[in-house]
Amino acid sequence: MQKATKEAYRKLAANFYAKRLDGESPTPKKITDALKACAGEYRPAYWRRLRNALELDQREKGFDRAAERIKGTKNPMTTGRDGQALEQSERGAVPPKQRRAKSISEEDRAKLWKAAKALGDRDETLAALLLAERLGVRPAEMPGLQVDEERGVVHVTGAKRTGQRG
């Protein structure tokens, strides 16, 4: 696990204890009960992240049995009493997945270009906007672009593959 992920998990766990346990000392039962109680408020993926954060926190504090209990906790919104996954129709009111923008409208693109030019922004910023628009590259990928002018090819090293996320 990466250092940044561990740090994010620690913060998530600390926030959970403060918000969900009302200042009481965290015991395995209190943690798992609070985790189950808040399941309806979060999407399943976030709930799993929260459970993983609590497990890591307890392990780092030396409470391996508590960590195992947390690890074994199932999301009551997606898992039945028998431990089997619930069908979509049987699930409770799980918050819907957040919608993500796949592209920007022509109007938003024009506003972005106009704002960059109005600020007297450097040519590098305008070039970055063009690269992002035409090639779909992330900001972290832009410095590593390699251009093969003979073949008319741009090689992009993915930021997610190199570990330079963000």
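Tutor: Helices (H or I, at least four residues) and strands (E, at least two) are DSSP runs, numbered from the N terminus. The model is predicted, so local features need pLDDT of at least 70, side-chain atom pairs count only at pLDDT 80 or more, and totals for chains, interfaces and linings use all residues. Residues are numbered from 1 along each chain as its sequence is written, and side-chain values use heavy atoms, with hydrogens and water left out.

Student: In which order do the elements of the protein run from the N terminus on?

Tutor: The protein has 7 helices and 2 strands. From the N terminus on, their order is α-α-α-α-α-α-β-β-α.

Student: Where is Pro139 placed, and does Pro139 count as buried or exposed?

Tutor: Pro139 belongs to the loop between H6 and E1. Buried means under 20% relative accessible area, exposed over 50%, and partly exposed in between, with a 1.4 Å probe and protein chains only. The relative accessibility of Pro139 is 62%, so Pro139 counts as exposed.

Student: Does Glu141 count as buried or exposed?

Tutor: Glu141 lies in the loop between H6 and strand E1 (146–148). Its relative accessibility is 6%, and therefore Glu141 counts as buried.

Student: With which residues is Glu141 in contact, leaving aside its neighbours within four places in sequence?

Tutor: Contact means heavy atoms within 4.5 Å. With those neighbours left aside, the partners of Glu141 are Val156, Thr157, Gly158 and Ala159.

Student: How far apart in space are Phe63 and Thr27, C-alpha to C-alpha?

Tutor: Phe63 sits in the loop between helix H3 (44–60) and helix H4 (64–71). With a relative accessible area of 46%, Phe63 is partly exposed. Phe63 and Thr27 are 36 residues apart in sequence, and from C-alpha to C-alpha their separation in space is 9.8 Å.

Student: At what angle do the axes of H1 and H2 cross, and which residues make the contact?

Tutor: Axes are lines fitted to C-alpha atoms, for helices over the stretch in contact, and angles run from 0 to 180 degrees between N-to-C directions. The axes of helix H1 (residues 3–20) and helix H2 (residues 28–37) come within 11 Å and cross at roughly 85 degrees. H1 is therefore roughly perpendicular to H2, since angles under 35 degrees count as roughly parallel, over 145 as roughly antiparallel, 65 to 115 as roughly perpendicular and the rest as oblique. The contact is made by Phe16, Tyr17 and Arg20 of H1 and Ile31, Ala34 and Leu35 of H2.

Student: How are H1 and H3 oriented to each other?

Tutor: The axes of H1 and H3 are 8 Å apart, at an angle of about 95 degrees. Among the residues that meet are Phe16 and Tyr17 in H1 and Leu50 and Leu54 in H3. H1 and H3 are therefore roughly perpendicular to each other.

Student: How many residues of each class does the lining of the largest pocket have?

Tutor: On a 1 Å grid over the protein atoms alone, a pocket is an open set of points where a 1.4 Å probe fits, with protein on both sides within 12 Å along at least five of seven lines; lining residues have an atom within 4 Å of a point. The lining of the largest pocket includes Lys102, Trp113 and Glu133. Ala, Val, Leu, Ile, Met, Phe, Trp, Tyr, Cys and Pro count as nonpolar, Asp, Glu, Lys and Arg as charged, and the others, Gly among them, as polar. The lining residues divide into 6 nonpolar, 1 polar and 3 charged.
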